[in-house]
Amino acid sequence: MSKSVFIRLFAGLSPDYFDGIPMILLGQWLLPVGIFLLLTGFHAKRSRKAGVLSLYRYGRVLHWWKWHFGKGVARGLWTGIWLLLAALSCDIALENAAVLSVELTLKISVLWLAHMLSVAALFTLLDLFCIRRFALGGLLLLDGLTCIIGYGIPKGSHLMYGMWGMYLQSSLCEAGGFQAEAVIGAEAILLAASFFGGREYLKRETNII
C-alpha cells in the first residue's frame, strides 16, 4: 500500500482486490467523497436561505436555475480542488510526495474531479425535491454500493458509477480498465441530464412554456 495520502484517498481501489472487498480501502475512498458531500450540503443550505432573494433578482425561475446549477457545479469543482490540494500538502509535509509525478497527479485529479462534478450536479438536482434531506446519504450510498457490486461482479465493474473516479480501475493505469474518455463523457452527459432534468421539472411546476 502506498504511503502517499493523495494516492490512498484519490486513486481508488486496485483490481488486485477482486477476490474480496477491502473495506478499509473502500472507507479511504469514500472518506473524501463524504467530506465533499458534507461541504457541498453545507454551502447548499446557506444558498437555499437566500434562494427567494436570488429568484427575485433573476426574474424568471429558469434564469435562476441556470445560475443556481452553475453555482452548484462550480462550488463542487472548487471543493474538489481544495481537497486534492490538502492531500498533496499532507504528502509534502510527510515527505511522501516523491512517488507523485506531475503526470500521475494530473491523471488521478482529472478522473476524481470529473466524478465529483457529476456528484455535485446530481446533488444540485436532488436539492430541488423534498427528498433533499436524504441526498447526501443517498449519493454516498450510491458510490459505496456500486463499488461493492463492482467487486462482486468484476465483469460489470466498468458500468459501476462508484468506480468511475478511480484511476487504478481505469485504462490510464490498467490495460483492462474502463476507458477513461468514455467514463468522463458519460459523466458529462449525466451533468447535462441533471441540468435539463431540473429545468424541465421547474417548467412543469411553474407552468412555464
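Does F10 count as buried or exposed, and at what relative accessibility? At 1% relative accessibility, F10 counts as buried, a term that means under 20% relative accessible area, while exposed means over 50% and partly exposed lies in between, with a 1.4 Å probe and protein chains only. This is a predicted model, in which local features need pLDDT of at least 70 and side-chain atom pairs count only at pLDDT 80 or more, whereas totals for chains, interfaces and linings use all residues. Residues are numbered from 1 along each chain as its sequence is written, and side-chain values use heavy atoms, with hydrogens and water left out.

**The chain as a whole**

- The protein chain has seven helices and zero strands, where helices (H or I, at least four residues) and strands (E, at least two) are DSSP runs numbered from the N terminus.
- Of the 209 residues in the protein chain, 46% are buried.
- Among the contacts in the protein chain with a separation of 6 or more, 71% are between residues 24 or more positions apart, a contact being heavy atoms within 4.5 Å.
- The protein chain exposes about 11,200 Å², of which carbon and sulfur atoms supply 69%; accessible areas come from the Shrake-Rupley method with a 1.4 Å probe, and for residues only the protein chains shown count as cover.

**Aromatic pairs**

- Rings of Phe, Tyr and Trp (its six-membered ring) pair if their centres lie within 6.5 Å, and planes under 30 degrees apart count as stacked, over 60 as edge-to-face and the rest as tilted; by this rule there are ten aromatic pairs.
- The rings of F10 and W112 are edge-to-face, because their centres are 4.7 Å apart and their planes stand at 80°.
- This pair links distant parts of the chain, since F10 is in helix α1 (residues 5–10) and W112 is in helix α5 (residues 102–126), 102 residues apart.
- W65 lies in helix α4 (residues 61–93) and F195 in helix α7 (residues 180–206), so that the pair joins distant parts of the chain, 130 residues apart.
- W65 counts as buried at 0% relative accessibility, and F195 counts as buried at 16%.
- One aromatic cluster is formed by W64, W65, F69, F195 and F196.

- H43 is placed in helix α2 (residues 23–49), and at 28% relative accessibility H43 counts as partly exposed.
- H43 and G76 are 33 residues apart in sequence, and C-alpha to C-alpha they are 9.9 Å apart in space.
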